[in-house]
Amino acid sequence: MSLPVIEARRDRRPPIIAPGHTFETVTDRISRVVLRRGTPRGWIVGFALSFSLMMVLFYATAVLLFRGIGVWGINIPVAWGFDIVNFVWWIGIGHAGTLISAILLLLKQEWRTSINRFAEAMTLFAVACAGLYPVLHLGRPWLAYWLFPYPNTMSMWPQFRSPLIWDVFAVSTYLTVSLLFWFVGLIPDFATLRDRSASRVGRATYGMLAMGWRGSAQHWHRYETAYLLLAGLATPLVVSVHTIVSFDFAVSVIPGWHATILPPYFVAGAIYSGFAMVMTLAIPIRKFYGLEDFITMRHLDNMARVMLATGLIVAYGYMMETFMAWYGGNPYESFMVLNRFSGPYWPQYWLLITCNVILPQVLWFKRLRTSIPALFGVSLIVNLGMWLERYIIIVVSLHRDFLPSSWGMYAGTIYDWSMLFGSMGLFLTLLFLFIRYLPMISIFEMRTLVPGAHVEEEAP
Amino acid sequence: MRRPPIYGLLAEFDTPTELVTAARKARAEGYRVMDAYSPFPIEELAEALHFHDRRLPLVVLLGGLFGGVAGYALEYWTSVIDYPLNVGGRPLHSWPAFIPVTFETTVLCAALSAVLGMLALNGLPMPYHPVFNVPRFALASRDQFFLCIEATDPHFDRVITRRFLERLDPLSVSEVDH
C-alpha cells in the first residue's frame, strides 16, 4: 500500500479534537465547567449520593475500630478477604491513569491529552481508597506508622525481606509520585483559572496554587523537561507497583500464588481494569458536560482496543496457570485448579471467566467499539470481572491449601460489603469535587492540539 | 546600577508563529535580556531565544542516586548492623530482597527532585512579577502570545525599542511598570 493511501485511511478515523476549535474556545469550554456560577442540579444529586455512600464507609470503619476486625468475614485459613481483594482491585484501577499520562506521553500518543487529567485524578483517588484497606486490616490501625522505618523506643526496625514492607514503600511512593505528576500538570491550568476567575476567592485560591506561573518560555522549557522526566520515572514505577503487589502473593508458598507468571499478569490485569474504569467514568462525564468535542469516539475506540489487548494477556495468564498446574505435576497446584473449576466457589470462577475473557471479545467488532451503550456495558462487566479475579485468587487459594484438616469457607459480612461500596462512595465524592473545582481536561495541552498551534517555518 | 524607570516593553502577538519570528528578529537586532510568554509550550521559542538549561536532568540524576543509596543504606544498616535477625540461617545481607525498596526510594527522590528542582530553577513560587501589571497579560494564559524586552538589556531604549517592536506587527505594545 502506498503512503498516500495509508494517510487517507488514517484521516478517515474520527479526529482527536472536533474541528473549528481555537485556543480561545478550548480554554473557555473547559474552564467554564469550573468557573460557572451556580452548580448544576445533576452534580448536586450525584454528589449527595456519593457522599451518603461515603458515610456508609465511615460507619463501617467506626464499627471496625470499635469492635475489631472480627466484624469482617475473615478467619483462619482465609485471613485475607475483601480487604485485600479491594486493595488490589483499587490499586489496579489506578494504574490506567499513570499509563495514560506517562507511558502514552512517552509514546507520543496525542489522543491521551483529553483524558489524562481525569485519569490521573482517578489514579489518586483509587490509590487513596486502596490504601485504606491494608491499614484497617492491621487490627490496630492507629499504629500504622509502625510500618515506616523510624528510630523508636522499641529499638526495632521493619523486616525489609518481607513483601509486605515492599508494598508500603511501593504504594506510598506511587501515591506521592502520582500526586506530584498531577499537580505539575495542573500548574499552568491554575494560572488560566486565576486569570479567568471572576470571584476574589477564586483568584486568590487558584493564584496561590499557580504559584505565580506566567508561561515564560524559560519556565516552559524546564517544565517540559521535568514533565518528561516524571513520565519516564512513573513508567517503571507503575510496573513495579503492581509487580510488588503480586509479590505479596508470589513470594508465599500457597498453591495458586507461588508462580512466576503473577507479576506480568497482575500488571496486565491492572491496566485492563483501569481502562475499564476510565471508560466507565468518561462516558457519563463527556455526555453530562457536553465534552464530546474533546473526548471523541476516537478516544473511546482506542481505549476499547487497549482493553481488548490487555484482556487477551489476562486470558493468557489464566490459560497458563491452568496449563502449568497440569504440566508442573504438583498435586496441590492441580487440585487448586480443579477446586477453582468445580469447588464451592465455581459460580464465582465461571462468572469471572465470562466477564473477563468471553464477553469482552465483542470489542473485536468495530460496530460495538463505536457504540456507547456497548462500551459502557463492557466496561462495567470488566470492572466486575477484575474484582472477581482477585476474589478467586485470594479466597480459593487460601480456603483449601495443603491439609484437608485446615480447610475452611469464607464469605463477606455486611461490613465487608459496606466497606466495598462505601469506598466507591469515597472515590466518587473525591471525583465529584475534582470535576467541580479543577479543570478535568488539561487546558494547556489541549491548546497544543488546536490547528495553528504549530509554528510555521518560512522558507529560508 | 541605577534601576531603569520601567521593567520593559511588552509586545502582544496573535499566533505562535508571529511570536517565534519576533523573538528571532529581536535576537538578530542584538537584544539579549528578554523573555517570551505563551499559553502552551512552544519548542521553537526556547531555540529562538537561545535558551539552554541542562541543569534539571542533572538535579534529577543526583536526586535518584541519593534516593537509591540512602534506601539501600537504610536497609543494610537496619538489617545487618542495628537489628540483625537470624531467619532460618539466611544471610543478614540478603541483597536481592533489598532491591524493591531501593528501587522505590530511587524513583521517589528522583521525582521529588524533578518537581522541586523545576520550581526552584524557575524561581517559583513568585507572588509578584511586573508583567502582571499589564492588563492584557491575563490573556497570556488563554490565547495570546507576548514578547518582553527588558529594560536591563544594554541595547534597550524606551523609544527605539518601542519603534522596533512596532515594526514586528504586534497587536499592541505596552510599557511594563515595576
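Two strands count as paired if DSSP finds at least two bridges between them. Helices (H or I, at least four residues) and strands (E, at least two) are DSSP runs, numbered from the N terminus.

What we have here is a predicted model, where local features need pLDDT of at least 70, side-chain atom pairs count only at pLDDT 80 or more, and totals for chains, interfaces and linings use all residues. Residues are numbered from 1 along each chain as its sequence is written, and chains are lettered from A and ligands numbered from 1 in the order in which they are written.

I start with chain B. Strand E1 (residues 8–13) of chain B pairs with E4(B) in the antiparallel sense over five bridges. Both belong to an open sheet of four strands, ordered E2-E3-E1-E4 (chain B), with antiparallel pairing. Strand E2 (34–37) and strand E4 (172–176) of chain B are the edges; each has a single partner strand, so one side of each is left without a neighbour in the sheet.

Next, the contact between the chains. Residues are in contact if their C-beta atoms, placed from the backbone, lie within 7 Å. On that basis, 50 residues of chain A are in contact with 55 residues of chain B. H8(A) gives the largest share of the chain A side, 16 residues.

Last, chain A itself. The axes (lines fitted to C-alpha atoms, for helices over the stretch in contact, with angles from 0 to 180 degrees between N-to-C directions) of helix H4 (residues 82–106) of chain A and helix H9 (residues 262–288) of chain A come within 7 Å and cross at roughly 75 degrees. That makes H4(A) roughly perpendicular to H9(A), a label for angles of 65 to 115 degrees, with under 35 roughly parallel, over 145 roughly antiparallel and the rest oblique.

Notes
Two residues are in contact if their C-beta atoms, placed from the backbone, lie within 7 Å.
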